[in-house]
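Trainee: I would like to learn how to read an interface between two chains. Where do we start?

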Amino acid sequence: MTKEHSKSVETTPSSVGDDAEQLVRDNIGWMLLLADRLLRDRALAEDAVQAAFMAAFRGLANFEGRSSLKTWLHRITVNAALDILRQVKRRAEQPIDEHLPEFDSYECRIEAPWAHMASVDEILESEDLHDRVHKAIGELPDGYRNVLQLRDVEGYNTSEVAELLGISETNVKVRLHRARAVLKKLLEPILRREVQP
Amino acid sequence: MTLFSTTGVRRWLKGMMLKHMHRMITCREFEEFVLRYLEGELSDRQRSVFEWHLRLCRECREYLAAYKRTLEITTAVMAPPNAPVLDEVPEDLIKAILEARKH
């Protein structure tokens with residue numbers, strides 16, 4: 001894990017003591033947002049966070065402090081959210097094939113010329129474009145979106161994502177590349193400025 | 001009416017060149033290497049072939065630029081501090097969690 005959660009709150013079980021309420025209050029905010037990013041449903045995210053705290057209370061005595069408490073809770077929350085995702089019957093997902101890169105019969109890529117490519121700042125400055133990016137990510141099928149979020153957003157490495165999702169590292173890489181390629185296609189109207197903020 | 005449009009002939013020529021030129025890969029083969037290129041997992045020889053294709057192919061060059069921009073945007077939009085924040089402390093949920101802990 002390489003991002004913000006690996007270097008944050010360095011609370012240990014001894015400093016937490018039996019103050020369960022403080023533990024919940026200190027961490028519920030970011031845990032809820034994390035679960036919501038994975039589940040995209042506030043009610044399910046609340047279920048995941050509740051399950052995560054139950055697992056944390058059970059496991060706290062055995063927490064060895066090899067990682068920070070936040071890193072440990074992060075993983076527990078991801079696991080709880082993924083468990084819920086596996087149980088929930090999702091609406092039929094759209095096939096992604098039509099958004100994958102296209103090639104002609106000579107194996108040459110079909111890619112219209114790019115006259116303009118929006119910068120990250122242009123997107124961040126517009127609330128509307130920001131929301132459209134969120135929506136596009138939401139359009140990815142769960143199996144692809146989860147890999148993209150765990151690798152590119154939450155900061156887990158390939159082998160950690162493989163372990164969390166119970167799939168091979170090769171499969172993680174295939175799904176990650178496809179998720180990014182499909183998202184690129186979905187974001188094209190924004191990137192090409194065909195959609196004005 | 002001609003047999004091939006100018007664009008068609010150009011694409012055919014490009015396809016033939018990429019397929020048969022020494023140390024060259026087709027765009028479809030290039031696609032297979034994208035992730036490993038970005039992860040720094042290609043051997044020196046593979047990277048040099050990949051980058052040689054990149055120099056010659058406008059489509060793959062622009063595709064890769066847009067792919068990388070998509071990745072930057074995803075990370076920037078989804079990761080804190082740009083991600084949404086909680087409007088208020090979920091007191092009901094805190095209460096439910098602490099209640100459930102007692103059982």
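Mentor: We go through the interface and then turn to salt bridges.

Mentor: This is a predicted model, in which local features need pLDDT of at least 70 and side-chain atom pairs count only at pLDDT 80 or more, while totals for chains, interfaces and linings use all residues. Residues are numbered from 1 along each chain as its sequence is written, chains are lettered from A and ligands numbered from 1 in the order in which they are written, and side-chain values use heavy atoms, with hydrogens and water left out.

Trainee: How many residues of chain A are in contact with chain B?

Mentor: Contact means heavy atoms within 4.5 Å. On that basis, 57 residues of chain A touch 50 residues of chain B.

Trainee: What is the area buried between chain A and chain B?

Mentor: The size of an interface is often given as the accessible area lost when the parts come together. Buried area here is that loss (1.4 Å probe), summed over both parts. It is about 5000 Å² between chain A and chain B, with carbon and sulfur atoms giving 68%. In chain A, A:Tyr106, A:Glu107 and A:Arg109 lose the most area to chain B, together 15% of what that side buries.

Trainee: How many salt bridges are there between chain A and chain B?

Mentor: A salt bridge is a side-chain nitrogen of Lys or Arg within 4 Å of a carboxyl oxygen of Asp or Glu. The count between chain A and chain B is five. One salt bridge joins A:Arg25 to B:Glu91, with the closest N and O atoms 2.9 Å apart.

Trainee: Which residues meet where helix 6 of chain A touches helix 4 of chain B?

Mentor: Helices are DSSP runs (H or I, at least four residues), numbered from the N terminus. A:His130, A:Val133, A:His134 and A:Ile137 meet B:Ile73, B:Thr74, B:Val77 and B:Met78.

Trainee: At what angle do helix 6 of chain A and helix 4 of chain B pack?

Mentor: Axes are lines fitted to C-alpha atoms over the stretch in contact, and angles run from 0 to 180 degrees between N-to-C directions. The angle is about 105°, with the axes 10 Å apart. Angles of 65 to 115 degrees count as roughly perpendicular, and helix 6 of chain A and helix 4 of chain B are therefore roughly perpendicular.

How values were computed: Buried area is the accessible area (1.4 Å probe) that two parts lose on being put together, summed over both. Helices (H or I, at least four residues) and strands (E, at least two) are DSSP runs, numbered from the N terminus. Angles under 35 degrees count as roughly parallel, over 145 as roughly antiparallel, 65 to 115 as roughly perpendicular and the rest as oblique.
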